[in-house]
Amino acid sequence: MKEQSCGCIRGAVCKKLHGYMTVEASFIITWTVFVFVLLIYLSFYSYDKCVLFQDAYGVCFRGSIQKQEDNVVPYISSHMKEQFGKKYFGTGEVHGTVDRKGNVTDVTGECQVKVPIHSAFTMHSAPGWKIRTRARAQIINPTHIIRKSRWVGNMVN
């Protein structure tokens with residue numbers, strides 16, 4: 001191989017070798033694709049977390065304004081699957097539970113984001129890409145509140 005001057009400040013003679021750019025480009029392209037795929041999965045995770053909370057709160061709120069307080073938990077349980085639906089990206093099945101304590105109703109939703117290389121992105125004992133959210137609503141009877149408000153308004157006038 002013929003030695004060429006590379007134009008160094010000291011005037012030293014350097015060897016120019018060809019092929020380094022191909023090796024560097026293969027690493028850069030691989031990592032760029034990896035980062036884009038990771039960003040796509042992170043956006044799936046963020047979207048699913050927001051939609052899961054929205055759905056959990058929506059069904060919880062609609063259940064909490066039932067006229068009969070004994071009908072709250074059965075209403076939420078029967079409409080939960082319909083509310084969650086199939087609008088989540090890259091997740092397994094969404095599971096939900098209902099809990100009532102006094103005048104407060106809690107709806108918990110849970111799903112798992114499907115990541116192709118699951119163990120590489122999580123610790124072995126950590127739950128990984130599991131999404132769990134809880135929505136809470138106070139049980140009220142709107143008809144009863146409106147009637148009481150009108151009664152108080154009539155008493156004041």
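Student: Among contacts between residues at least 6 apart in sequence, what share join residues at least 24 apart?
Tutor: That share is 55%, where contact means heavy atoms within 4.5 Å. Bear in mind that this is a predicted model, where local features need pLDDT of at least 70, side-chain atom pairs count only at pLDDT 80 or more, and totals for chains, interfaces and linings use all residues. Residues are numbered from 1 along each chain as its sequence is written, and side-chain values use heavy atoms, with hydrogens and water left out.

Student: OK, how many helices and strands does the chain have?
Tutor: The chain has 4 helices and 5 strands. These are DSSP runs numbered from the N terminus: helices are H or I with at least four residues, strands are E with at least two. From the N terminus on, the order reads β-β-α-α-β-β-α-β-α.

Student: Which strand order does the open sheet of 3 strands have?
Tutor: The order is 3-4-5, with antiparallel pairing; two strands pair if DSSP finds at least two bridges between them. Strand 3 (95-101) and strand 5 (130-138) are the edges, each pairing on one side only.

Student: Which residues of strand 5 are on the covered face, and which on the uncovered one?
Tutor: Ile-131, Thr-133, Ala-135 and Ala-137 make up the covered face. The uncovered face has Lys-130, Arg-132, Arg-134, Arg-136 and Gln-138. In a regular strand, side chains alternate between the two sheet faces.

Student: Where does helix 2 lie?
Tutor: Helix 2 (residues 72-84) lies across strand 3 and strand 4, at about 160° to strand 3. Angles run from 0 to 180 degrees between N-to-C directions, with axes fitted to C-alpha atoms, for helices over the stretch in contact.

Student: Switching topic: what percentage of the residues count as buried?
Tutor: Of the 157 residues, 22% count as buried, meaning under 20% relative accessible area with a 1.4 Å probe, protein chains only.

Methods
Buried means under 20% relative accessible area, exposed over 50%, partly exposed in between (1.4 Å probe, protein chains only).
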